[in-house]
Amino acid sequence: MFIREMDVDDLERIVELEKDLFTSPWNKDDFIYELNENPFSYNYVLLENEIIGYIGLWINYDNASITTIGVDKRYQGRGYSEVLMDQVIDLVNENKCINMSLEVRVSNNKAIHLYEKYGFKKVALRKNYYQDNHEDAYLMIKEMEEE
């Protein structure tokens with residue numbers, strides 16, 4: 001298993017995973033923008049013979065935001081999400097960010113548990129955040145530790 005930066009050649013597999021994992025998935029153009037146009041975007045893939053997971057992050061000066069994270073359903077429950085989270089937390093620390101944020105569906109208890117394990121706290125409720133079903137999202141923030 002190893003992690004590397006995502007590239008355009010990965011997108012067919014990434015979009016396939018997005019469609020399998022999410023009810024409002026990102027499309028190929030969304031990822032192309034992140035890879036080629038967004039100077040604040042960092043994206044990684046986790047491989048074990050094939051791409052089994054991915055994570056996206058924006059670093060904007062001293063703030064970071066997780067934009068997406070996904071692990072193939074066949075590989076869930078094996079700690080791969082933690083591997084991806086560790087990757088971006090290291091990057092955030094290297095960039096001396098003061099906090100990390102993310103939005104998560106209020107019904108996504110597995111993800112909420114993962115984020116809380118990493119020190120994220122629910123700080124706000126974003127009403128009707130998701131377009132597919134108007135579900136609310138929690139805004140979660142992790143204060144980064146000063147070194």
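Trainee: Of the contacts in the chain with a separation of 6 or more, what share comes from residues 24 or more positions apart?
Mentor: Residues 24 or more positions apart account for 59% of those contacts, a contact being heavy atoms within 4.5 Å. This is a predicted model, in which local features need pLDDT of at least 70 and side-chain atom pairs count only at pLDDT 80 or more, while totals for chains, interfaces and linings use all residues. Residues are numbered from 1 along each chain as its sequence is written, and side-chain values use heavy atoms, with hydrogens and water left out.

Trainee: How many helices and strands does the chain have?
Mentor: There are four helices and seven strands, where helices (H or I, at least four residues) and strands (E, at least two) are DSSP runs numbered from the N terminus. The radius of gyration of the chain is 15 Å, close to the 15 Å that the globule rule gives for 147 residues, so the chain is as compact as a globular protein of that length. That radius is taken over C-alpha atoms, and the globule rule is 2.2 Å times the number of residues to the power 0.38.

Trainee: And what percentage of the residues count as buried?
Mentor: Of the 147 residues, 41% count as buried, which here means under 20% relative accessible area, with exposed being over 50% and partly exposed in between (1.4 Å probe, protein chains only).

Trainee: Which residues of helix 1 are buried?
Mentor: In helix 1 (residues 11–21) they are Leu 11, Arg 13, Ile 14, Val 15, Leu 17 and Glu 18, and their cover includes helix 2 (28–36), strand 2 (41–48), strand 3 (50–60) and strand 4 (63–71).

Trainee: Is Phe 31 buried or exposed?
Mentor: Phe 31, which sits in helix 2, counts as buried because its relative accessibility is 0%. Leaving out residues up to four places away in sequence, Phe 31 touches Met 6, Leu 11, Ile 14, Val 15, Glu 18, Trp 26, Tyr 54 and Thr 68.

Trainee: Back to Arg 13, then: which residues does Arg 13 pair with?
Mentor: Arg 13 forms a salt bridge with Glu 16, their closest N and O atoms being 2.6 Å apart, and another with Asp 72, also at 2.6 Å from N to O. A salt bridge here is a side-chain nitrogen of Lys or Arg within 4 Å of a carboxyl oxygen of Asp or Glu.

Trainee: Where do Asp 72 and Arg 13 lie?
Mentor: Asp 72 lies in the loop between strand 4 and helix 3 and Arg 13 in helix 1, so the pair ties together parts that are 59 residues apart in sequence. Both Asp 72 and Arg 13 are buried, whereas Glu 16 counts as partly exposed at 46% relative accessibility.

Trainee: How many salt bridges does a search of the whole structure find?
Mentor: The search finds 14. One of them joins Arg 126 and Glu 103, with the closest N and O atoms 3.0 Å apart. Arg 126 lies in strand 6 (residues 121–126) and Glu 103 in strand 5 (residues 99–105), so this pair ties together parts that are 23 residues apart in sequence.

Trainee: New topic: where is Asp 62, and what is Asp 62 in contact with?
Mentor: Asp 62 lies in the loop between strand 3 and strand 4, and, leaving aside neighbours within four places in sequence, Asp 62 is in contact with Lys 96, Cys 97, Ile 98 and Asn 99.
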